Amino acid sequence: MKSLGSIRRDFAPWNDPNAKPYIQFDKVTKKFGDFTAVNNLSLTIFEREFFALLGASGCGKSTLLRMLAGFEEPTAGRILLDGQDLRGIPPYRRPVNMMFQSYALFPHMTVDNNIAFGLKQDGMPKPDIAARVGEMLKLVKLEQFAKRKPHQLSGGQRQRVALARSVAKRPKVLLLDEPLGALDKKLREETQFELMDLQQSLGLTFVVVTHDQEEAMTMADRIAIIDKGEVMQVATPAEVYEAPGSRFVAGFVGNVNMFEGKIAHGEAGAASIDAGNGITIRTENAGDAATGAAVAFAIRPEKIRISSTRPAGAVNAIEGEVYDIAYLGDMTVYHVRLDDGQVVRASTMNAARITEDPLSWNDRAWVSFRPDAGVVLTR
Amino acid sequence: MNATWSRFNITSIVLGFAFLYLPIVLLVVFSFNESKLVTVWGGFSTKWYVSLFHNQGLMDATWVTARVAVISATVATVLGTLAALTLTRYTRFKGRTLFSGMVFAPLVMPEVITGLSLLLLFVAVGLDRGFLTVTLAHITLTMCFVAVVVQSRLITFDRSLEEAAMDLGAPPVKTFFQITLPVIMPAIVSGWMLAFTLSLDDLVIASFTSGPGATTLPMKIYSQVRLGVTPEINAACTILIAVVAVGVIIASLANKRREFQRQRDEQAAQRG
């Protein structure tokens with residue numbers, strides 16, 4: 001079976017027409033004065049899903065999370081959780097918990113009291129609280145820090161306490177606002193995998209807000225790309241990357257080369273695109289774009305081959321001049337300036353240590369790609 | 001920094017400190033004077049301290065002052081904290097600028113005017129001047145100081161702490177008492193101390209608003225000095241200075257120790 005990207009996903013309730021939605025944003029609008037933070041947005045999230053809201057700062061993604069937590073009420077529209085309309089339910093009665101970007105640990109309480117805070121509010125018996133707190137401390141590997149105050153912990157440890165506190169009540173949904181934003185790169189990568197394992201073992205629904213596309217790609221089952229309070233695309237990481245729905249999404253996630261042009265001739269998904277300056281691109285992914293339509297052809301750098309001579313039998317090959325090279329160790333990135341001035345980015349995995357016929361700056365070079373390597377974007 | 005002690009530096013430091021502390025040192029020294037004449041040294045003695053405790057008038061005034069200070073500081077702290085909360089939390093209600101101006105106006109209002117206006121008010125409503133009126137006046141005076149201290153703490157208060165508490169199931173009132181109040185408590189305590197000290201040494205407003213039977217210590221001292229300074233007064237002032245100095249030293253030491261502890265903890269945490 002073929003699939004987009006390199007992962008087979010067996011958990012995919014969004015493809016099942018009978019699956020019951022768990023969280024529903026139904027035509028939600030949120031205005032702050034004259035500013036529209038969220039604009040008539042609809043979104044469906046399924047149970048046990050790891051869902052990411054991805055967007056630049058100020059795009060409205062945090063507002064969505066805060067509306068789900070109950071700190072903001074929508075100006076219009078409904079938010080449903082497990083079929084129940086959340087309107088008017090205050091934050092302290094919602095079966096969701098949130099992990100804050102600043103962690104918001106209570107500075108005057110020890111680690112174990114921080115974790116126990118939510119359980120005490122529920123009136124849980126003391127022995128049960130102690131047992132649950134112990135379990136949580138073990139989960140985040142902080143057993144020996146139970147009696148410390150937050151300022152006696154390192155950044156990574158604080159993040160774990162915040163996480164333990166927010167899952168201690170076993171909420172239906174865990175909301176995470178930039179959960180890894182304050183950690184350094186190495187710690188962030190480790191923690192990403194820990195979060196995924198935690199979500200699997202607890203069987204919770206996670207909704208994470210992030211501006212870091214790599215973070216969203218790594219952790220999420222599906223990603224919603226938000227721009228100016230609207231959903232641009234909701235899809236799995238592989239779909240977002242390999243089959244972006246619009247120019248915005250293609251440009252927002254990862255690197256991309258974009259050729260603007262017109263469909264010269266198209267039938268049954270295959271088409272040739274006239275990209276101007278004598279460049280014609282043949283593609284098998286034109287979808288239902290009609291002949292004459294103005295489209296963009298988007299192709300990722302790693303799907304472009306670079307060579308010093310025109311590869312034999314290549315359907316798409318364009319000549320240019322090597323303009324910049326970046327050697328990154330695991331791969332090399334070439335910037336090739338085509339004869340019409342457009343710069344194409346091509347990257348090559350350095351699978352071997354030794355390169356037979358290396359390229360240098362100002363060399364003439366050919367960029368080539370297969371007809372199924374790129375996508376045609378009409379929006 | 002250049003650490004050489006030039007003659008100029010030494011002179012300016014000596015002059016500066018002399019300017020600040022010479023009068024106080026003189027007062028302390030003369031409180032131990034054997035002679036009844038304040039300005040003539042007649043040998044060392046502690047007899048004025050003994051006679052101070054037998055001076056019923058001074059002891060009564062001290063008792064009144066202490067009660068006024070504790071009650072007015074406590075009420076002012078409650079009111080000032082509420083005002084500070086309102087001003088930082090509800091930033092968009094109508095007339096906020098006017099309200100905040102009115103809360104802070106007494107800070108710069110000449111005390112004579114505050115005193116006089118309060119006196120007129122008390123006369124107008126027919127309130128007999130005495131313990132109650134001094135206490136009310138001191139609440140008015142010190143409330144704005146508390147509000148300023150607490151407000152400056154609230155501005156840096158991380159609201160997500162309250163949101164986290166509510167998110168974990170605590171209703172607003174519980175959140176206030178379990179999270180907000182404990183976190184801003186140091187500011188509230190220093191507000192109370194400030195209010196207490198202000199009330200303790202206020203002379204002007206007390207003179208306007210006090211009545212028979214409610215003479216405060218500063219009023220008593222001032223009126224006695226007008227009849228001539230007695231070494232007893234020197235002794236009373238020395239005790240006051242000692243009390244204030246000890247309080248300030250303890251507070252700053254505790255603060256320093258806490259800060260040191262905190263830094264050490266944070267460094268330890270960074271090391272992992």
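Helices, taken as H or I runs of at least four residues, and strands, taken as E runs of at least two, are DSSP runs numbered from the N terminus. The exercises below use them on a predicted model.

**Exercise 1.** Describe what the chain does over residues 68-87 of chain B.

*Solution.* Begin with the record: UniProt, in an unreviewed entry, lists residues 68-87 of chain B under "transmembrane region", and residues 176-198 are among the other stretches that it lists there. Next, turn to the model, where residues 68-87 of chain B are 100% helix and 0% strand, with end C-alpha atoms 27 Å apart. Finally, take residues 176-198 of chain B, which are likewise 100% helix and 0% strand, and whose end C-alpha atoms lie 28 Å apart.

**Exercise 2.** Work out which elements of chain B touch chain A, and what kinds of residue they bring.

*Solution.* First, the contact itself involves 21 residues of chain B and 21 residues of chain A. On the chain B side, two or more residues come from each of α7 (159-167), α8 (172-200) and α11 (231-271). Sorted by kind, the residues on this side are 11 nonpolar, four polar and six charged.

**Exercise 3.** Build up a picture of chain A, from its overall dimensions to its annotated domain.

*Solution.* Start with the C-alpha trace of chain A, which spans about 75 × 50 × 45 Å along its principal axes. Then count its elements, which are eight helices and 20 strands, and note that 40% of its 379 residues are buried. Last, the unreviewed UniProt entry places "domain: ABC transporter" at residues 23-253 of chain A, a stretch that is 36% helix and 26% strand in the model, with its end C-alpha atoms 25 Å apart.

Note on methods: Residues numbered from 1 in each chain as written. Chains lettered and ligands numbered in written order. Predicted model: local features only at pLDDT ≥ 70, side-chain atom pairs only at ≥ 80, totals over all residues. UniProt positions renumbered as here; feature names shortened; annotations may be inferred. Contact = placed C-beta atoms within 7 Å. Nonpolar A, V, L, I, M, F, W, Y, C, P; charged D, E, K, R; others polar. Buried ≥ 20, exposed ≤ 12 C-beta atoms within 10 Å, placed from the backbone.
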